[in-house]
Amino acid sequence: MRRLPAGALSVCFALLCAAGCGSSSNTTSGSGSVSSSAAPSPGAGLRPSTRPKFAAPPASAPAQSGSVQIAYRNITIQPDTVKVKVGSTITWTNYDSIEHNVTSEGGSQKFASGNIGEGTHFAITATTPGVIHYECTIHPTSMNGTIEVVR
């Protein structure tokens, strides 16, 4: 097996990224040449989803009260949905070595923690019934959650 020179893998990766991925209208003829049709229309191609998909607590989930803990661990939220009673304190703790934040994205209560580092936490008291969607604005597609606040 032949080894690639140092840096060759990075160059190959960069070329693959520049070339794009997914289907295209390119065809290969028997001579090995590649022909391409006109440039793709705007909106065509692969686009990453940056809008989080918020889950909801199951209807049968019991409403927690008092102190409710949420962990930021491995760039995920555990649990990502909770049902709490008005007056409960929700505390997010960051167990990752990178910074995260807690930012409400709609609902009955607005809050923003600013960035929190490893081992630190942010807390709010649930004051108004309703559904609160929140996210880490640094990692919104993998770190988003829902709090359902009930009486």
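Two strands count as paired here if DSSP finds at least two bridges between them. With that settled, a word on the source: this is a predicted model.

I'll start with the sheets. Four strands make up an open sheet, ordered β4-β3-β6-β8, and its pairing is mixed. At the edges stand β4, residues 76-78, and β8; each has a single partner strand, so one side of each is left without a neighbour in the sheet. From one strand to the next, the twist averages 20°. Within this sheet, take the β6 and β8 pair: the sense is antiparallel, and the pairing extends over five bridges. For a place to look on screen, T89 is opposite T125, and T125 belongs to β8.

Now the other four-strand arrangement. This open sheet has the order β5-β10-β9-β7, again with mixed pairing. Its edge strands are β5 and β7, the latter covering 103-107, and each of them pairs on one side only. On average, neighbouring strands here are turned by 25° against each other, with direction ignored. β5 and β10 run parallel and are joined by five bridges. In that region K83 stands opposite E148, a residue of β10.

Next, the core. Which residues have the most contacts inside the largest nonpolar core? They are Y72, V84, I90, W92, F111, Y134 and I147, in a core of 20 residues. The elements giving two or more residues to this core are β3 (67-73), β5 (81-85), β6 (89-94), β8 (121-125), β9 and β10. β3 gives the most, with three residues. As general background, nonpolar side chains in soluble globular proteins tend to be buried together.

Let me pick F111 out of that list. Apart from neighbours within four places in sequence, F111 is in contact with W92, V102, T103, S104, F122, I124, I132 and Y134.

Last, I138. Not counting residues up to four places away in sequence, I138 touches E99, H100, N101 and N115. As for I75, which is 63 residues away along the chain, its C-alpha atom and that of I138 are separated by 10.0 Å.

That's what I have; I'll take questions.

Methods: Residues numbered from 1 in each chain as written. Predicted model: local features only at pLDDT ≥ 70, side-chain atom pairs only at ≥ 80, totals over all residues. Heavy atoms only, no water. Contact = heavy atoms within 4.5 Å. Core = buried A, V, L, I, M, F, W, Y, C linked by side-chain atoms within 4.5 Å. Buried < 20%, exposed > 50% of the residue type's maximum accessible area, 1.4 Å probe, protein only. Axes fitted to C-alpha atoms, helices over the stretch in contact; angles between N-to-C directions.
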